[in-house]
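Reader: Hi! Could you walk me through this one? I'm new to reading structures.
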Amino acid sequence: MKTYLGIDLGGTNVRVAKVSENGEILAQVKSPSYALEGPEIVVNNLKKLIREIPDYESCSGIGIGVPGPVDTLNGIMVISTNLKGFAGYPIAKVLQDEFNIPTFIDNDANVAGLAEALVGAGKCMPVVYYVTLSTGIGGVLISNGQPISGHNGFAGEIANLIVKKNGKKINALNAGAVENEASGTAIVRKGRELISEEITHAGEVFNLAESGNEIAKNIVDEVVDDLALMFSMIAHVCDPWAFIIGGGMMKSKDMFIPKVEEKFKEYVHEQMRNTLFLSAQLDEPGVIGAAMLPVSRGV
């Protein structure tokens, strides 16, 4: 059975794992990522971690998941907000040259979606769309085992989809962008503005709505409508077999996902109402998904 190395490189920590082609983690090491120290220090640390993996030489491929858009054809990050100096740096080529193992890179949300598509909730489905609902909102289309990154690496950046034409302009996203209307951060902001400044996470607003607080119920109703509109936009473009949904907001999924699914049915053609809404299954989608990148490339 083939094995692969998956690297989950974040702004705080990095994990390197040896993973089977079935998605089983066989060995794993972790350390600080040294993200602000520059490419040389970060990559030297990656090389050291890889060499700590038993029998790493036998792995068929290496995959790297990183925050932000990626030029997957050239193996470079387009934007490197959380990894200083990595925009344009050929990290995939550097590791491939060092270990003589085919190496690939993609966005961290994309690789998480790839993991769910290949060995998680979407296994054996030809087309799935992975969505993460958390501090922010992200997504990726997986078609026949391939994550679709697009021309500039921005495919799946659904956070910027406009769900409120007259919504607020809050940051670099569009005014009325779904991330600023229906993410965990947005729910906390609205809860603090309308209910109490002591609100610290979205789950509190969901709990208040469940207990009958009218203001919280209105916030949740708006979130449901905004998310349903977002899902309908995605569905009309790629018509997936299923949406696979992960992220911190899913801790409160019973309080809003069934309502989103019902509202979604109002926004799509009747024949599309059989689209499944599935919860993400994997506990370690980042590092498993990174390891699945070579699999998706036929390595």
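Reader: Is threonine 72 buried or exposed?
Author: Threonine 72 is buried, because its relative accessible area is 18%. Buried means under 20% relative accessible area, exposed means over 50%, and partly exposed is in between, with a 1.4 Å probe and protein chains only. Before we go on: this is a predicted model, where local features need pLDDT of at least 70, side-chain atom pairs count only at pLDDT 80 or more, and totals for chains, interfaces and linings use all residues. Residues are numbered from 1 along each chain as its sequence is written, and side-chain values use heavy atoms, with hydrogens and water left out.
Reader: Thanks! Where is threonine 72 found?
Author: Threonine 72 is in the loop between β5 (70–71) and β6 (76–77). Strands here are DSSP runs of E with at least two residues, helices are runs of H or I with at least four, and both are numbered from the N terminus.
Reader: And what is threonine 72 in contact with?
Author: Leaving aside neighbours within four places in sequence, threonine 72 is in contact with Ile105, Asp106, Ser149 and Arg297. Contact means heavy atoms within 4.5 Å.
Reader: Switching to sheets. What order do the strands have in the one with β3 and β7?
Author: That open sheet of five strands goes β3-β2-β1-β4-β7, with mixed pairing. Two strands pair if DSSP finds at least two bridges between them. β3 (25–32) and β7 (103–107) are at the edges with a single partner strand each, so one side of each has no neighbour in the sheet.
Reader: How many bridges join β2 to β3?
Author: Seven bridges join β2 (residues 13–20) to β3, and the two run antiparallel. Arginine 15, for one, has lysine 30 of β3 as its bridge partner.
Reader: Which strands of that sheet does α9 touch?
Author: Helix α9 (residues 285–296) packs on the sheet and touches β1 (3–9), β2, β3, β4 and β7. The direction of α9 makes about 130 degrees with that of β1. Such angles run from 0 to 180 degrees between N-to-C directions, and axes are lines fitted to C-alpha atoms, for helices over the stretch in contact.
Reader: How many residues of α9 are buried?
Author: 11 of its 12 residues are buried, so α9 is largely enclosed by the rest of the structure. Among them are Val287, Ile288, Met292 and Leu293. After α9 comes glycine 298, with a positive phi near 80 degrees.
Reader: What about the sheet with β10 and β12, what's its order?
Author: This open sheet of five strands has the order β10-β9-β8-β11-β12, again with mixed pairing. Its edge strands are β10 (146–147) and β12 (276–279), each pairing on one side only. Four bridges join β11 (residues 242–246) to β12, and these two run parallel. In β12, serine 279 is the bridge partner of isoleucine 245.
Reader: Last topic: at what angle do α7 and α8 pack?
Author: α7 (residues 214–238) and α8 (residues 257–267) pack at about 50 degrees, with their axes 8 Å apart. They are therefore oblique to each other. Angles under 35 degrees count as roughly parallel, over 145 as roughly antiparallel, 65 to 115 as roughly perpendicular and the rest as oblique.
Reader: Which residues make the contact?
Author: On α7 they include Leu227, Phe231 and His236, and on α8 they include Val260, Phe264 and Tyr267.
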